[in-house]
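Colleague: I am new to this model and should be grateful for a close look at one part of it. Please take the place where the two chains come together and describe how it is built.

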Amino acid sequence: MSIEVYDPRGKRERAAFKAAPIPKKVELRLGVLDNTKEQADVLLARAAELLQPDRMTAVFVRKPSFSRPAPPEVLEQLKMCDLVITGLGG
Amino acid sequence: MSCCMRDAGALEALGIPTVILVNDVFDAIAHATAALLDMPESYVPEHVVWLPHPTSNLTRAEAAALIDARIERIRGALAGKPVADVPASRAASGDALARAREIVEGLARSLRADGAELVLESFDDGILRGRIVIGEPSCEDASCIMPAPQLAKMIEAMVRSQIDGLRAVELVAT
């Protein structure tokens, strides 16, 4: 009598990480992703303000919770951006 | 903080270069999350700009000053011309050898209880070198405690995320 044994180990498949190339455009849309921790908005807004002379127009997006990754609808809002700045730690 | 790293990973996958402002107290978490996401070791130094913790109790003026002092790092990282940044917590802990000694002190105490002494002697060209002193002639290669190569691997796992530029740990038994 033969016994069929299943392998309980799962597989994790993920595309290899590759950092995005830096855009060569002159006018840039800078996504500012606020993780909702205290002062994150203030610090990120200051950075965006200082980057304005670099021809970076800021698009502010706030995610629902710092304890979870940004949901698809938040990432969708950032898709139009050329660069993103995010943080912070509290 | 690990979620900020995950967000960066998701945005990079969408083709959007991302720079992350991170409080230096989250140094280990940022590195560990980057490793979990299969980011190269260069990702954190090139894409993270460290801020001194805490930031939540700053006045608006203090918060602005904090960013003002780091805007060139932020600008460089966004332009793909990063100025390698080291969290203040690492810089404050002195050189890499001193930092490694601090990290393995708990392990060294355990080894001392078994009559052995762990001595980290140098950090050159990315190699952290040390000795495990047994003082027992019959205990070749420290195998009565733990074989030196295995102990070296354990030390490497402990210090890897905390020591910039670490390539290997080499340990000899004497």
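Modeller: The account below begins with the model itself and then turns to the contact and the elements around it.

This is a predicted model, in which local features need pLDDT of at least 70 and side-chain atom pairs count only at pLDDT 80 or more, while totals for chains, interfaces and linings use all residues. Residues are numbered from 1 along each chain as its sequence is written, and chains are lettered from A and ligands numbered from 1 in the order in which they are written. The predictor gives the complex an ipTM of 0.87 and a pTM of 0.67. For chain B the mean pLDDT is 83, and 88% of the residues score at least 70; pLDDT is the predictor's confidence in each residue, from 0 to 100. Within chain B, confidence is highest in β1(B), at 95, and lowest in helix α6 (residues 88–92), at a mean of 58. Where pLDDT is low, the predicted coordinates should not be read in detail.

The contact takes 35 residues from chain A and 44 residues from chain B. Two residues are in contact if their C-beta atoms, placed from the backbone, lie within 7 Å. On the side of chain B that touches chain A, α1 (2–13), β1 (18–23), α4 (60–68) and α5 (71–78) of chain B each supply at least two residues. Of the elements, α1(B) gives the most to this side, with 9 residues. Helices (H or I, at least four residues) and strands (E, at least two) are DSSP runs, numbered from the N terminus. By class, this side of chain B has 29 nonpolar, 8 polar and 7 charged residues. Here Ala, Val, Leu, Ile, Met, Phe, Trp, Tyr, Cys and Pro count as nonpolar, Asp, Glu, Lys and Arg as charged, and the others, Gly among them, as polar.

Strand β3 (residues 83–87) of chain A runs parallel to β1(B), and 4 bridges join them; two strands pair if DSSP finds at least two bridges between them. One bridge sets A:Val84 with its partner B:Thr18 in β1(B). The open sheet has 5 strands in the order β2(A)-β1(A)-β3(A)-β1(B)-β2(B), with parallel pairing. At its edges stand β2 (56–62) of chain A and β2 (48–51) of chain B, each with a single partner strand, so one side of each is left without a neighbour in the sheet. The twist averages 20° from one strand to the next. Within chain B, β1(B) and β2(B) pair in the parallel sense over 4 bridges, with B:Trp50 in β2(B) as the bridge partner of B:Val22. Helix α1(B) packs on the sheet, touching β1 (28–34) and β3 of chain A together with β1 of chain B, and its direction makes about 175° with that of β1(B). Axes are lines fitted to C-alpha atoms, for helices over the stretch in contact, and angles run from 0 to 180 degrees between N-to-C directions.

Helix α1(B) also packs with helix α2 (residues 27–36) of chain B, at an angle of about 35° and with axes 9 Å apart. In this contact, B:Ser2, B:Met5 and B:Arg6 of α1(B) meet B:Ile29, B:Ala30, B:Thr33 and B:Ala34 of α2(B). These residues divide into 4 nonpolar, 2 polar and 1 charged.
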